[in-house]
Structure formats: structure tokens, C-alpha cells
Amino acid sequence: MKNTITSLTILFSLMGIAQTNNSKVTKITYPPTPKGNQVDTYFDTKIEDPYRWLEDDRSPETADWVKKQNEVTYGYLEKIPYRNAIKERIEKLWNYEKISAPFVEGKFTYYYKNNGLQNQSVLYRKDTWGKEEVFLDPNTFSKDGSTSLGGVNFSKDGSLVAYSISEGGSDWRKVIVMKAETKEIIGDTIVDVKFSGVSWYKNEGFYYSSYDKPQGSELSAKTDQHKLYFHKLGTSQKDDKVIFGLKDKRRYVGGYVTEDEKYLIISAANSTTGNELYYKDLSKSSNPIVNLIANFDNNHNVIDNEGTLFYVETNFRAPNNKVVTFDLSKPDMRSWKDFIPQTDNVLNASTGSGYIFANYMKDALSYIKQYDMKGNLVRDIALPGIGTVGGFGGKKTEKILYYSFTNYISPGATYSYDAKTGVSALYKRPNVDFNSDLYESKQVFYTSKDGTKIPMIITHKKGLKLDGTNPTILYGYGGFNISLTPSFSVANAVWMENNGIYAVANLRGGGEYGKKWHDAGTKMQKQNVFDDFIAAAEYLIAEKYTSSSYLAIEGGSNGGLLVGAVMTQRPDLMKVAIPAVGVLDMLRYHTFTAGAGWAYDYGTAEDSKEMFNYLKAYSPVHNVKSGVQYPATMVTTGDHDDRVVPAHSFKFAAELQAKQSGDNPTLIRIDVNAGHGAGKSLNSRIQESADVEAFILYSMGIMSLK
């Protein structure tokens, strides 16, 4: 058998490939990682933290360690004979025109477009005569494509726009203001903005949120007090007025103006779950900020108003969410009226064209109901298929709305929707070199350790032989009330079109079944999430989809924690582990950036001795043991990740390299000038996807492919 790939057409044609032993892989010499003598005491327990020095992202020693680790990692990846062929196939499949749904601002119609392989999508517009022009091209913001365009927010009449940019993938943003018609930049650039939208009030200025500049590293120092500001056009940022958050210290604060520009709505929270709610009548500047919800027990979101009548989506006494109404003259929760009552399925509501759209999720799949503003059901909306639907949002004056539809085998298409007649029409379907008819997605329900039924969607080529030898990626997240719903991915399509299996488990801790499902995977119940993932792997093996020798587990952020915990608890279960931008040091996560806000899901090591012991029992950094053969591992992170700081990944990789038994590789791939993932250039995403897939296959003992 030749040690090369003879044809992209038969790339990954794994049926009948010769199996080879991983002993042929050259043993890796890792860069030395010096140990320090840092010891912390939690209650009555001393915890060594020998790699604490890697937390200093500004030190030359850390920079040198990153450089040397990348040299080893990329040197290893370059030896995989089919790595470039995988990249070329992903690149070819990704090279199709992508056009977003249009939106009208003032006298222009705007939309995003990517000609195929542009690093960042370009914002275009057309005037009333249909003349097209580039409005904002983020590909010109930096030479390497690492500066991305964030939010783009127009004033109500469309004459002014404030857009944010991110440099190097950081969550810290700059906001630039310009006249929409002439594209003339006006005023100063607003800097040091983080975790914020921009909401205009008339043409006078806009609201935004940020933290004070932290002491120490901007990328890792703790940020704990979020403030809402108002920037008045024509004034300096230093004169921006603090609207909320000066006396009332909150970790997350957001403010936005209602569509009628009569009210400012303020949401304030100390964690990622549960928020207070405030409003201010903007008819007089002297009007006070009024508290509507004075606790963090539930989630509340104002979705619309008609004068003083407010429409709020909430999970108060409704773990699957409902929509309620109340009048500002009597806002007490005892006066709330159910508008769209809770059902057995999780609700996410949106508004547009003077209607409310109830997007329900049943077993991670979408269905939509349309209501008028009196609470009457207008219709159940017929959808293009079974999958994930997003959209149905817009201004009250818009007659046509847009929505997207996708699943694991269907590239995302955009549809127009006439809210009055209920007629849908295809607006844009991408021309992707992928035949969906050759693939199938199947939802199964398997049993976790404690008897709970967990859904999982398994996708692969039709007719695939289930003999336990199929390379399989099992993906999960399981946290923060986030739901994993079906969506198309070019990288996953390449994996599947060449006989790989892609499985996604909807673990507890997510939002697929509402607040109870979320809470069942938090704090002292976090082990449920790991047990659910382990049970998913065991199901795939028992049903002969794959075997431990051909199973890879993957997840990012909180999903990186999932992978790190499962691979240290059950290293025998999988062949490969890909923990991406993971939360891996559970004793110190809350000391970095806004990490303390994650305590609703995790708890902290300072809460109690019981909580400390629970976290320590699964914290990936603290559970790597000498003499254990861990799966082939490639940790991935970005050196500018200021959400989950890269020190998590650095320390975990150092522990694995020091203690790994056997020859399974333990690599760390560190993207330079990249953050947590948002805004990453297309070139970087393609290369990372190719590296991950090549590493997985090579680690499964596949030295060459027919």
C-alpha cells in the first residue's frame, strides 16, 4: 500500500484499509515545562499548582513555551501524509457563495455576503434602484484576517451606524460611529467595550456596556463590575455617563431601547443564569430607573411593548419558558398574565411584523407557532423539514420576515415569510458540493448511569456497515442552558462523506428540556453530564457504530471541560480526545476575566469544603495521574482567548505530557492572534478543522488511505 493518497474522490475510503499499529508513530520529545513550588490551601487541603507560571500571558517564558509547543505540534501534524489533502477537500467544499437574509435600514437594504473563501463576510447594501456597493469589508481591517466585524447597529431612521470590531479574537471591542449614507466616520472611537450590544436613542447617542480596564493583563485579569453607559454624539468617551452599575455592582449589565424609543430596558445579573429587570421612562431625563424584578432567581427578557403593556419571556414558575404581559401601572408579578402559557417543550419567542413567534424545541428539533398581539394562535408554520429554525424577527413595520433552516446534512438555507398570509418562499439556497441524499440522521435515546433517557443524533452515509470499525466523533457540551441543535458544518460534512460517523449527545446541563434539565447538570450534579457522555460512547460501541479504537470525543469551552473530565475518568473508553478552549482548572476558573459569572453552573472552590472537594474530584488539571495511558490528545486554544484563558489548556497539556504512559501523543495546538472562536479567520478555521481530522485518523492507526 502506498503511503500517499491517490485520489481526493476516495479520500477516507476506510472500507478495507490496512490497519497499522500506533507503535510506528515516532515517540515525541516534548519541550520541558519547568515546575514551580506554588501551593494553595483550600480549607484544610493543600493543592500543588506547579504550572502556575503559565497563567502569566505577558511573560517571555510563557511566550517561549507557546512557541516551542507549537513547533512540536505542527512538526507532528506536518508528517501526517493526508493532512494537506483533507485541508484541500474542506477548502473546496467551503468555497461557495454565502448570502445572509436582507434587512432594511433607512433607504438601504443590507446583507452579508462571502464569495466563498473570504476570511470575513462582507456587509453590502443596495439602494432603492438596486445598485450594490460594499458597506463594510472586515477583510481590509487587518492583513491576516484576525480583526473581525462584530455587531452593526443602526439608529432608528438608518442614518447613523455604530459597528464594533474585535482584534485578535479578543472579547474587548472597539465601537466606530459613522454616517450611513456617506460612510463618514464621526466622533471618537469608543474603546474597551466588552460583552455589550449597542442601542441607539433617537440620533442623540447610544447605550453600551463595559468594565473598567483591569489591573494586570487585559486578557486574563478578573473583570467583575459591568457598567451601562450612554455615549452622546459629539462628546468624548471620558464624558460618557454611567447609567447603571456604579452603586449596584453587577457582573453582567445590558441595556436596550424599545422599538418605540419610549423606554430603556436594563438587565442585570451576577451569573449566566438569572437576572434582575429594570426600566426607565425616556420621556424625561430626570425619570428614575425603576426595578421590575429584584432577584436573580429566574430569567426574564422583555421581547416587545405596546405603550405601557410589556411582553416578557420568563421561566418564573415555568421551567420551559412562557410569555407573560403586564402593564407598567401594575408591574407586580402577581399581576402578570399568561400570554403564551408553558408547554411540555422549551419556548424561545421573537417578534416581527406585529406578531409573536413561538419557536419551540422538541427533542432538540424546531417547530413554530405564530400568535397575534392579543394572544390568539394565527397558525402553525409549515417548515421545510426536520431540523433547526432560526429567525422570524424584525421590526413591526416589516411585511416580510426571514428565517433559516438547517440540519446535519442540509446546508443552511434562507426563506422569506409573509406574516399576514403565512406563505414561505425559498430566498437563498447555497450551492454546496455535497449530496445530502446520500446521508441520514437518526435520533436515538439511550440510558445514562442513573436511568435518565438522553437523546443523541447520529449522522453518517447511508448503508454504512456497522461493524465497530467506523471512525466516529462524539461531540457534546452539557452546560449553561445551551442547546445543541442540528446544523450543517463543512468540516463535519467532509468527515461524513468519507465514511466517518458524527454523533451529538444532548446532555444534561444544556437547555434542551428547560430549566430542570439545565439544573440537573450544575454544581453538585455536574457529574451527571460526564456520565451522560460516557453512556453515549458506550451506546455507540454496544450498537457497533464504532469501538474504543475508533472513537474520538470532542467539545469546546464548557465542552472542553466535558472532554477533559471524561478522558481522565475513562481513558480506556476512547482513542482520541480533542478538548478545545476548555475550562480545565476548576479550582481557579473564577479568578480569571468574567469566570466568576459561571458559578451558577459550577460553584467555586471557595463556596464550601464540600463544593471544593466535588470540583477537585473532576477538575481535569487535578486528575491527570502518572502511569495512566491517556488517549491521543490534541488540546486546542488561542493565545488571545480572554473568555476561557489559555492557561487552562497550557496547564492541562503540561500535566498530560509529564504523566502520560505509553506513546499516545499529547499535543497542544495554540492559535496565535486568536481568541475563543468568534471572528476567527476562515483560513484559520479551515486549517484547524483539517488538523483535527487528520490527527484523529492518524491517532486511530491509519497511516495511509487508499
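Which handedness does the crossing of H2 and H10 have? The crossing is right-handed, where right-handed means that the near helix is turned clockwise from the far one by less than a right angle, and left-handed means anticlockwise. This is a predicted model, in which local features need pLDDT of at least 70, side-chain atom pairs count only at pLDDT 80 or more, and totals for chains, interfaces and linings use all residues. Residues are numbered from 1 along each chain as its sequence is written, and side-chain values use heavy atoms, with hydrogens and water left out.

**The chain as a whole**

- The average pLDDT of the chain is 92, and 93% of the residues score at least 70; pLDDT is the predictor's confidence in each residue, from 0 to 100.
- Over residues 1–24 pLDDT stays under 50, and the model has 49 contacts beyond four places in sequence for this stretch (contact means heavy atoms within 4.5 Å).
- The chain holds ten helices and 39 strands, which are DSSP runs numbered from the N terminus (helices are H or I with at least four residues, strands are E with at least two).
- With a radius of gyration of 26 Å, close to the 27 Å that the globule rule gives for 706 residues, the chain is as compact as a globular protein of that length (the radius is taken over C-alpha atoms, and the rule is 2.2 Å times the number of residues to the power 0.38).
- The C-alpha trace spans about 75 × 60 × 55 Å along its principal axes.

**H2 with H10**

- Helix H2 covers residues 83–94 and helix H10 residues 682–699; they pack at an angle of about 135°, with their axes 9 Å apart (axes are lines fitted to C-alpha atoms, for helices over the stretch in contact, and angles run from 0 to 180 degrees between N-to-C directions).
- H2 and H10 are therefore oblique to each other (under 35 degrees is roughly parallel, over 145 roughly antiparallel, 65 to 115 roughly perpendicular, and the rest oblique).
- Among the residues that meet here are Arg 83 and Trp 94 in H2, and Leu 682 and Asp 691 in H10.
- The residues of this contact of H2 with H10 divide into eight nonpolar, two polar and six charged (Ala, Val, Leu, Ile, Met, Phe, Trp, Tyr, Cys and Pro count as nonpolar, Asp, Glu, Lys and Arg as charged, and the others, Gly among them, as polar).

**H3 with H10**

- Helix H3 (residues 490–497) packs with H10 at about 30°, with their axes 10 Å apart.
- That angle makes H3 roughly parallel to H10.
- The crossing of H3 and H10 is right-handed.

**H2 with H3**

- H2 and H3 pack at about 120°, with their axes 9 Å apart, and are therefore oblique to each other.
- H2 passes H3 in a right-handed crossing.
- Arg 89, Ile 90, Leu 93 and Trp 94 in H2 meet Val 490, Ala 493, Val 494 and Glu 497 in H3.
- This contact of H2 with H3 has six nonpolar, no polar and two charged residues.
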